[in-house]
Amino acid sequence: MRGALGGPRVLLRRLREVMAEPVSAQDRLDKIVVLIAANMVAEVCSVYVLRVDQTLELYATEGLNRVAVHLTVMSVDEGLVGHVAREAESLALSDAHAHPEFSYRPETGEEVYNSFLGVPILRGGNTLGVLVVQNRARRTYTEEEIEALQTTAMVLAEMIASGELTALAKPGAEPAVRRPLHLKGVALADGLGLGHVVLHEPRIQVVNVIADDVVKETARLDAAIGKLRHAIDLMLEDDGLSKAGEHRDILEAYRMFAHDRGWMHKMREAVLSGLTAEGAVERVQSDTRARMMRASDPYLRERLHDLDDLANRLLRELTGRRGAEREALPDNAILVARNMSPAALLDYDRTRIRGLVLEEGGTTSHVTIVARALGIAAVGQVENAAGLADQGDPVIVDGQAGEVHLRPPGDVEEAYAEKVRYRARRQAQYAALRTRPSVTKDGVHVDLNLNAGLLVDLPHIAETGAAGIGLFRTELQFMIASAFPRISEQLKLYRAVLDAAGDRPVTFRTLDIGGDKVLPYMRTVEEENPALGWRAIRLGLDRPGLLRSQVRALLRAGAGRELRLMFPMVAAVEEFDQAKAIVERELTHLRKHGHGLPEKVHVGAMVEVPSLLFQLDEILSRADFLSVGSNDLVQFLYAADRSNMRVADRFDPLSTAALRAFRMVAEAGIRHGKPVTLCGELASRPLEAVALAALGYRSLSVSPAAIGPLKATLLELDVAAARKVLLPLLEDRTGTANPRAALFAFARTCGLPL
């Protein structure tokens with residue numbers, strides 16, 4: 001059995017010399033295949049590059065007919081080379097002709113070669129091409145030879161990624177590493193963003209992959225792994241993580257991977273083949289990522305994120321880089337991340353951010369809420385976005401369609417530039433409506449309020465002409481803080497909100513934490529179904545000190561003015577009674593200690609739990625007002641987790657069942673003479689707002705960007721006519737009524753802007 005002459009270390013040293021030579025890209029590739037063939041004792045060595053049209057082109061060869069270079073092109077579904085590219089796995093065959101996917105190309109003259117070894121050229125788990133060696137004899141390639149060729153492929157990956165080969169390509173057939181990509185996801189925040197990629201957690205770029213001293217590199221790798229393990233152990237010993245919870249589970253997974261012998265062995269083998277410690281980590285993770293990206297098991301795909309993070313942590317130990325440099329944020333930054341907390345987004349200079357792309361993220365996640373508040377176009381559920389994008393790549397974020405164009409061609413870029421100009425004209429039209437009362441054609445007044453939660457939201461009150469703040473999410477201050485906010489800090493925020501609103505009403509929602517809203521400094525409780533668990537008012541009543549401190553801060557902030565506060569997720573009137581008693585107790589405390597008091601305190605409840613639909617008369621005899629939280633109410637009505645993308649859009653909130661529930665609340669409010677507001681994503685869409693107005697809602701609370709479009713629609717709406725269309729459908733008992741279709745047809749007939 002023949003082996004590699006001189007071994008992979010000699011080959012890598014020779015390759016480094018070739019890479020440094022001042023020659024053309026084609027000459028460099030031609031020299032590389034000659035070197036590899038000689039080192040591998042192979043009669044053929046060929047490099048195939050994946051093109052933008054998802055075909056593989058022969059870019060260089062030693063042994064096959066040279067006339068086939070740049071002439072032979074094959075699909076990724078064709079032949080053994082296509083198999084390697086498609087599966088991103090090495091393929092070693094002693095009798096290639098016997099393989100069912102063998103495909104013969106006469107122009108190459110490869111029919112005389114029996115044995116075949118192909119390895120994918122990978123970068124970040126993405127296939128850039130295929131490196132192949134062949135022999136006439138039926139040769140069994142050893143594990144060492146396969147390892148050597150995989151190591152060599154890393155050098156070619158960097159050459160392709162650098163763009164050096166682009167000059168060799170015909171227009172429209174450039175290497176796929178820089179190909180335009182049209183990625184689809186879920187629309188999170190409306191808007192269009194044109195700019196350049198800024199990776200939230202940028203991958204460490206490995207510059208030097210070829211080792212000078214293998215012994216030294218092995219020692220560096222072992223030392224870095226030791227430091228990584230120690231750092232994970234320290235985090236696990238932290239008091240805040242001493243009990244079970246999601247964060248601890250992640251760190252336990254990190255510790256398991258960091259002690260995995262297979263992972264260690266692969267990296268050490270890669271170093272022994274001639275790579276630097278950094279190159280070894282990059283090589284092993286790229287191979288692992290390529291395999292796991294193609295796995296059908298969602299558990300394995302989730303573990304890929306853990307391994308990516310662990311590899312990046314290890315690279316930071318090796319390079320001494322502890323965090324991302326953010327000083328050079330461009331003027332038109334598009335942030336790309338697997339996921340991001342609200343605090344992390346607010347850490348950036350928001351005046352420079354034009355868009356946000358997330359691999360995760362849902363329409364009601366808190367980073368989405370912050371993105372909307374900042375007016376940042378955002379798209380979530382974009383698979384492998386952080387792996388496909390490189391720092392500085394041009395990118396377009398379409399927050400309305402839920403699409404991302406990475407490295408867009410010129411015609412797409414120009415089309416979106418025109419869309420941006422059109423949106424600017426529309427925004428100018430909406431701005432002209434700012435001071436007009438929100439009154440329908442038949443004289444019905446519908447208040448349009450803002451949803452808010454941060455100081456950055458406050459300028460939107462004046463900018464939009466909102467009637468007030470219909471929902472102030474007090475938990476956002478807690479979620480972005482590193483420690484529990486003191487009463488003085490809460491008091492400062494609430495006063496600032498009331499001052500900014502002036503004489504416009506502000507409705508504060510008490511802490512809605514728990515479930516998916518985890519405070520980083522608060523011990524979490526592991527629950528099977530957190531959305532239905534210990535959260536919101538339940539947590540507040542069980543931890544009365546937490547609720548009392550917040551109520552005290554709100555009451556002090558409201559001194560001398562009217563204060564509106566409401567409790568979230570009330571499921572029974574008894575809960576409301578207990579919470580209202582806390583408000584009375586705090587008022588007594590403030591009087592006793594000589595503090596100023598609000599002129600009047602309005603206490604309300606959120607209708608989010610279906611059980612409250614059957615206690616409306618009881619709750620309205622106690623509450624001063626109600627707010628419908630449509631996000632949770634629809635979720636609980638249909639038992640469909642809104643954070644689960646498989647079922648989140650399964651049921652239509654404009655179905656007869658949901659609309660009947662909304663009508664129940666509106667009619668109960670009218671019956672008791674108590675105001676009812678609907679706050680939630682539902683109210684932010686013009687067609688849905690038409691339905692709500694027809695049901696009797698006279699107050700909506702929405703995101704800042706939604707106020708202009710909603711006002712434009714309401715000004716043209718005849719509510720009485722809409723009621724004639726909608727209400728009969730709610731009495732239909734056939735189960736075939738389609739309110740959405742009927743309302744859409746009505747809107748088109750009336751010329752309503754939607």
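1. Let's start with Arg509: at a relative accessible area of 5%, this residue is buried. Keep in mind that we're looking at a predicted model. The charged side chain of Arg509 has a partner, Glu475, with which it forms a salt bridge, and the closest N and O atoms are 2.5 Å apart.

2. A network of salt bridges links Glu475, Arg509, Asp512, Arg535 and Asp632. Across the whole structure, the search turns up 44 salt bridges.

3. Next, have a look at Glu278 and Arg220, which form a salt bridge with their closest N and O atoms 2.7 Å apart. Here the link runs from helix to helix: Glu278 is in α8 (residues 277–293) and Arg220 is in α5 (residues 214–237), so parts 58 residues apart in sequence are tied together. Are the two partners buried or exposed? Glu278 counts as buried, at 13% relative accessibility, while Arg220 is partly exposed, at 24%. The cut-off for buried is under 20% relative accessible area, which is why the two get separate labels.

4. Asp190 is in the loop between β8 (186–189) and β9 (192–199), whereas Arg423 belongs to helix α13 (residues 410–432); the pair links distant parts of the chain, 233 residues apart. Asp190 is partly exposed, with a relative accessible area of 40%, and Arg423 also counts as partly exposed, at 22%.

5. Now for the nonpolar side of things. The largest nonpolar core has 94 residues, and Phe567, Leu626, Phe662 and Tyr697 have the most contacts inside it. Which helix gives the most to this core? That's α23 (residues 686–695), with eight residues. There is also a second, separate core of 71 residues, and Ile32, Val49, Val155 and Ile210 are among its members.

6. Finally, Tyr697 is worth a click. What does Tyr697 touch, leaving aside its neighbours within four places in sequence? Its contacts include Val446, Val628, Val665, Ala666 and Leu692. Phe662 is in contact with Tyr697 as well, and both are on the list of residues with the most contacts inside the largest core.

Methods:
Residues numbered from 1 in each chain as written. Predicted model: local features only at pLDDT ≥ 70, side-chain atom pairs only at ≥ 80, totals over all residues. Heavy atoms only, no water. Core = buried A, V, L, I, M, F, W, Y, C linked by side-chain atoms within 4.5 Å. Buried < 20%, exposed > 50% of the residue type's maximum accessible area, 1.4 Å probe, protein only. Helix = DSSP H or I, 4+ residues; strand = E, 2+ residues; numbered from the N terminus. Contact = heavy atoms within 4.5 Å. Salt bridge = Lys/Arg side-chain N within 4 Å of Asp/Glu carboxyl O.
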